Amino acid sequence: MEKLNDNFCIVPFIHSVVYTNDHLGYCCTAKYRSVRTGNDRITDEFYSTDSARIRSMLLDNKRPAYCSACFDQEDAGVASKRSYVNRK
């Protein structure tokens, strides 16, 4: 099996969060992504251009600003949600 790049995270590929204030997120650790209106479908957001950009950045071994919470923890030597979910 091919090794994942250092900045990859599986979460934006398999998961979304809907908060009680109607914001969406890629995971519970990251910043809010957007505000939904009553008629927006979660799948529309999941497959949006912005979501594709975040996934592409992770595949290209880049660190999206949206995901800074995990990267900041790891840079400080603390295990993050990203490091947990990417374990085999």
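Aspartate 50 is partly exposed, with a relative accessible area of 31%. The model described here is a predicted one. In it, aspartate 50 forms a salt bridge with arginine 53. Their closest N and O atoms are 2.6 Å apart. Arginine 53 is partly exposed too, at a relative accessible area of 43%.

Side chains of opposite charge can pair when their charged atoms come close. How many salt bridges does the count come to? The count is three.

One of them joins aspartate 75 and arginine 63, with 2.8 Å between the closest N and O atoms. Aspartate 75 belongs to helix 4, while arginine 63 sits in the loop between helix 3 and helix 4, so the pair ties together parts that are twelve residues apart in sequence. Aspartate 75 counts as exposed, because its relative accessibility is 52% and the cut-off is over 50%. Arginine 63 counts as partly exposed, at 39%.

Glutamate 74 also forms a salt bridge, with arginine 82 as its partner. Here the closest N and O atoms are 2.7 Å apart. Glutamate 74 is partly exposed, with a relative accessible area of 21%. Arginine 82 has a relative accessible area of 10%, so this residue is buried.

## Arginine 55: buried, without a salt bridge

Arginine 55 is found in helix 3. This residue is buried yet has no salt bridge. The nearest side chain of opposite charge belongs to glutamate 45, and it is 9.1 Å away.

What does the side chain of arginine 55 reach? It reaches the backbone oxygen of proline 12, at 2.7 Å. Leaving aside residues up to four places away in sequence, arginine 55 touches Pro12, Phe13 and Phe46. The charged end of arginine 55 sits over the ring of phenylalanine 46, 4.3 Å from the centre of that ring.

## An aromatic pair

The count of aromatic pairs comes to three. One of these pairs is phenylalanine 46 with tyrosine 47. Their ring centres are 5.0 Å apart, and their planes are at 85 degrees. The pair is edge-to-face, because planes over 60 degrees apart count that way.

Are the two partners buried or exposed? Phenylalanine 46 counts as buried, at 15% relative accessibility. Tyrosine 47 counts as exposed, at 64%.

## Serine 51 in helix 3

Serine 51 lies in helix 3, which spans residues 49–59. Serine 51 is buried, with a relative accessible area of 0%. A polar atom of the serine 51 side chain lies 2.7 Å from the backbone oxygen of glutamate 45.

How far is serine 51 from glycine 25? Their C-alpha atoms are separated by 9.9 Å. Along the chain, the two residues are 26 residues apart.

## Asparagine 61 in the loop

Asparagine 61 lies in the loop between helix 3 and helix 4, and helix 4 covers residues 68–75. What is the phi of asparagine 61? It is positive, about 65 degrees, although this residue is not a glycine. Asparagine 61 is partly exposed, with a relative accessible area of 34%.

How values were computed:
Residues numbered from 1 in each chain as written. Predicted model: local features only at pLDDT ≥ 70, side-chain atom pairs only at ≥ 80, totals over all residues. Heavy atoms only, no water. Helix = DSSP H or I, 4+ residues; strand = E, 2+ residues; numbered from the N terminus. Buried < 20%, exposed > 50% of the residue type's maximum accessible area, 1.4 Å probe, protein only. Polar contact = N/O pair within 3.5 Å; in protein donor to acceptor, adjacent residues only side chain to side chain. Lys, Arg positive; Asp, Glu negative; His and termini not counted. Salt bridge = Lys/Arg side-chain N within 4 Å of Asp/Glu carboxyl O. Contact = heavy atoms within 4.5 Å. Phe/Tyr/Trp six-rings, centres within 6.5 Å; stacked < 30°, edge-to-face > 60°. Lys NZ or Arg CZ within 6 Å of the ring centre and 35° of its normal.
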